[in-house]
Each structure stands twice: as structure tokens, then as C-alpha cells.
Amino acid sequence: MGLLRRSLNDLVRVDVNAEALARLAWRDFGNGLSMCRLAREGARELVLYRIREGAAPDAFLKHEHIGGEFYLVLKGRARRRAPGRLKEIHTHEGKNN
């Protein structure tokens, strides 16, 4: 089964509050990847990831979730080359994919 994707650029506009994001408790993994847990209920979590510009594509390690995952890129873009592996990481301003 292939990866299902569709751009939401024509449907949704998201305004990111950079000051609120900066106040969150981020866990820095030391490889360009940081994570913030927004909510947790049992085994389910709602998390934010922040990937530094220029981070290696393998900074976001391969992993699996039984219930699946959903990614919403707020700034920049991230493209996969295989399940759990990022092909490219871009964090520049501009049109999101």
C-alpha cells in the first residue's frame, strides 16, 4: 500500500505563534531534532517535532506506531523516501508541501 498524501495549501491557513512555541518544554536529542509532548493518554501521545535546518535526514529515526502517524508541517517541508525515513528536511520560509 502506497503513502497517501494531499496538499492542504488551498484549504487551510495556519498562523504559528512563535512565542508560544518557544515557551514549550522541548527535549533536544542533540542531532538537530527536538520534541515536545503536548498531551498523553495511555499509549497515545500528541507531540510536536522541531527539526533544525541542515539536520541530517536520519535525525528522525525509523520507528513504527501501531495506530499510525499523521504529520502536519507548520514551516518548511519534509519528504519521505521510505516509511520512517526522511529524504529531505527543509525549514526555510515558503510554501509547505
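Q: What counts as a helix or a strand here, and how many are there in the protein chain?
A: Helices (H or I, at least four residues) and strands (E, at least two) are DSSP runs, numbered from the N terminus. By that rule the protein chain holds 1 helix and 5 strands, in the order α-β-β-β-β-β from the N terminus on. A word on the source: this is a predicted model, where local features need pLDDT of at least 70, side-chain atom pairs count only at pLDDT 80 or more, and totals for chains, interfaces and linings use all residues. Residues are numbered from 1 along each chain as its sequence is written, and side-chain values use heavy atoms, with hydrogens and water left out.

Q: Which strands form the open sheet, and in what order?
A: Strands of a sheet pair through backbone hydrogen bonds, either parallel or antiparallel. Two strands pair if DSSP finds at least two bridges between them. Here, 3 strands form an open sheet, ordered β1-β2-β3, with antiparallel pairing. Its edge strands, β1 (27–28) and β3 (44–51), each pair on one side only. Between β2 (residues 33–41) and β3 there are 8 bridges, and Glu41 sits opposite Arg44 in β3.

Q: Is Val14 buried, exposed or partly exposed, and where does Val14 lie?
A: Buried means under 20% relative accessible area, exposed over 50%, and partly exposed in between (1.4 Å probe, protein chains only). Val14 counts as partly exposed because its relative accessibility is 42%. Val14 belongs to the segment before α1 (18–23). Across the protein chain, buried residues make up 15% of the 97 residues.
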